[in-house]
Amino acid sequence: MNPPIKKLLSLHSYKLEFQFILLTFAGIFLLPAFALLVITNTGIPAVSDRLASVNTTTHKIEIHNPSGQIIATIDATTTWPVHGIVTLGFGESDLPYQPYHTGIDIANSRGRIGDPITPFMKGIVVYADEIDWGYGKHIIIDHGNRITSLYAHLSEINTTTGQEVKPGDVIGKEGSTGWSTGPHLHFETRVFGIPVNPRTFIEGNP
Ligand SMILES: [Zn+2]
């Protein structure tokens with residue numbers, strides 16, 4: 001083989017290697033974007049299904065850590081925080097606010113505000129304040145075992161941080177504060193801070 005052709009061939013082979021390296025880098029850089037796409041499109045229901053589930057034999061709620069081990073078994077009384085009609089379920093599209101709804105929206109059947117809100121399970125109030133966007137006037141309760149719940153768009157807050165509360169206690173009134181298109185309660189339950197379908201914890205309908 002004469003030298004110029006040999007040189008040409010080696011250059012060609014470098015070009016291939018260079019393309020391979022470029023593709024690898026492109027793949028590495030695109031991975032987080034791809035992961036984000038998967039998480040935002042399927043992540044919330046998929047992840048949360050693993051964090052809390054009802055044992056079909058014992059009917060108790062089991063809390064799992066992200067690696068799937070059971071870290072707690074809950075045998076507590078749970079109730080819907082308000083009675084009304086579900087206007088938006090968990091995981092449904094809530095654009096332009098959320099691609100996947102992180103809670104359940106419960107509205108008064110006559111569209112009025114002021115229905116009493118009660119904790120879905122006993123716990124300690126860790127937040128009771130107002131922001132003029134998003135959740136508006138809202139309350140967050142810590143139930144232990146990595147479980148928290150959130151009650152948003154309230155018209156009134158009737159509790160304070162540090163208070164011990166239980167189902168039946170009135171902690172606030174249903175309203176339409178923050179990013180709300182009408183009177184309703186946006187109710188969230190979370191495990192490890194990740195939204196979980198409230199129906200995992202509460203039977204029946206609100
Ligand atoms: Zn909502």
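Which residues point one way from β13, and which the other way? Leu 185, Phe 187, Thr 189 and Val 191 point one way, while His 186, Glu 188 and Arg 190 point the other way. All of these residues are buried. In a regular strand, side chains alternate between the two faces of the sheet.

## Overview

This is a predicted model. The protein chain has 206 residues, of which 29% are buried. Its secondary structure consists of 1 helix and 14 strands. Among contacts with a separation of 6 or more, 60% are between residues 24 or more positions apart.

## Strand β13 and its partners

Strand β13 covers residues 185-191 and is mostly covered, with 7 of its 7 residues buried. Strand β9 (residues 147-154) pairs with β13 in the antiparallel sense over 6 bridges. Within this pairing, Ile 147 has Val 191 of β13 as its bridge partner. Strand β5 (residues 104-107) also runs antiparallel to β13, joined by 3 bridges.

Thr 189 has Val 196 in β14 as its bridge partner. The two strands, β13 and β14, form a hairpin with 2 residues between them. In the turn, Phe 192 has a positive phi of about 55 degrees.

## The open sheet

An open sheet is formed by 3 antiparallel strands in the order β1-β2-β3. Its edge strands, β1 (52-54) and β3 (70-74), each pair on one side only. From one strand to the next, the twist averages 25 degrees.

β1 pairs with strand β2 (residues 61-64) over 3 bridges in the antiparallel sense. Ala 52 has Ile 63 in β2 as its bridge partner.

Note on methods. Residues numbered from 1 in each chain as written. Predicted model: local features only at pLDDT ≥ 70, side-chain atom pairs only at ≥ 80, totals over all residues. Helix = DSSP H or I, 4+ residues; strand = E, 2+ residues; numbered from the N terminus. Buried ≥ 20, exposed ≤ 12 C-beta atoms within 10 Å, placed from the backbone. Contact = placed C-beta atoms within 7 Å. Pairing = 2+ DSSP bridges. Axes fitted to C-alpha atoms, helices over the stretch in contact; angles between N-to-C directions.
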